[in-house]
Amino acid sequence: MFCFGGVDSTKLTRDELLETIQARVYADQQLSILDANGEQKMIHIFAESFLNDPLMKWIGGLGDHSSDENKKDLQYKLNKSMMTWVNRPILVNKKGVVVGVTASDGTLAGAVSVMPGQSNTDTCLDLINGMIHAGAPPVYGGPTKKSYAPGGDKRSDSLDVLGKKRKELMKNEDLNYMYIQTIGVMQSHQGQGLGGKLLKTILNVADSLNIPAYLETESKENEALYQHFGFTTLEVVQVGPSGSSTDNKQPMYLMARYIGRRSS
């Protein structure tokens, strides 16, 4: 096993992505590029904004296995761990770029994490750092494991197929695309156009670079939203442990926005 993967300089690199994003962000006082010092703010935004997310709720399975008073705390704890695992390498290990958006009250209220298609966040070095800084998500073990539904660890493991699918569906792009890992806005600031502002900024970057953008989402409502911004659904996959029924699986919408399909 190797901890360091090579970067093909003929493909989109993190430096090229950063430079193009900087040109967009510096012209807008609401936007900023987060550095490693903003890690905790980023994780809190993503963890809080995904409290009602169907995928995160499916992994935790708290609907029937926890009292209402501590359900929110347990879901937040799970979200925080999961978001650290997938987004910390993008920000701290510089696998990509994280853009934040500030609300009218001056609060950093939303963020989006993106990275080049050739990057990955599951090298053994990333895994070691994840264990050090986040530990195993609580559905895998620890004092609160029994508070979550049985099989949450297997549900989480089943998400591994998404990385394989992304490589398969985008193979014709030869790694020259932008992967949108996570986008979220704090619940208290949703409905103010901040998420749309982040998404439009990132899609303008993709257009400037003349590359497609790719993401996964977990609801029909989100699918319709992204279609409004020019995304096409490439495939819908049902993720879940092997042998589980369709009722116990979570649909994931795998979407791409190709060059020339601008947002409305």
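So, L175: this residue sits in the loop between α7 (160-169) and β4 (178-185). When I say helix or strand, I mean DSSP runs numbered from the N terminus, H or I of at least four residues for helices and E of at least two for strands. L175 has a positive phi of about 70 degrees, although it isn't a glycine. With a relative accessible area of 36%, L175 is partly exposed (buried is under 20%, exposed over 50%, partly exposed in between, using a 1.4 Å probe and protein chains only).

Quick note: this is a predicted model, where local features need pLDDT of at least 70 and side-chain atom pairs count only at pLDDT 80 or more, while totals for chains, interfaces and linings use all residues. Residues are numbered from 1 along each chain as its sequence is written, and side-chain values use heavy atoms, with hydrogens and water left out.

Next, K94. You'll find K94 in the loop between α4 (68-91) and β2 (97-102). K94 isn't a glycine either, yet has a positive phi of about 60 degrees. Its relative accessibility is 53%, so K94 counts as exposed.

Now a helix pair. How do the axes of α1 and α8 cross? Helix α1 (residues 14-25) and helix α8 (residues 194-209) have axes that come within 10 Å and cross at roughly 120 degrees (axes are lines fitted to C-alpha atoms, for helices over the stretch in contact, with angles from 0 to 180 degrees between N-to-C directions). The contact, meaning heavy atoms within 4.5 Å, involves E16, L17, T20, I21 and R24 of α1, and on α8 T201, I202, N204, V205, S208 and L209.
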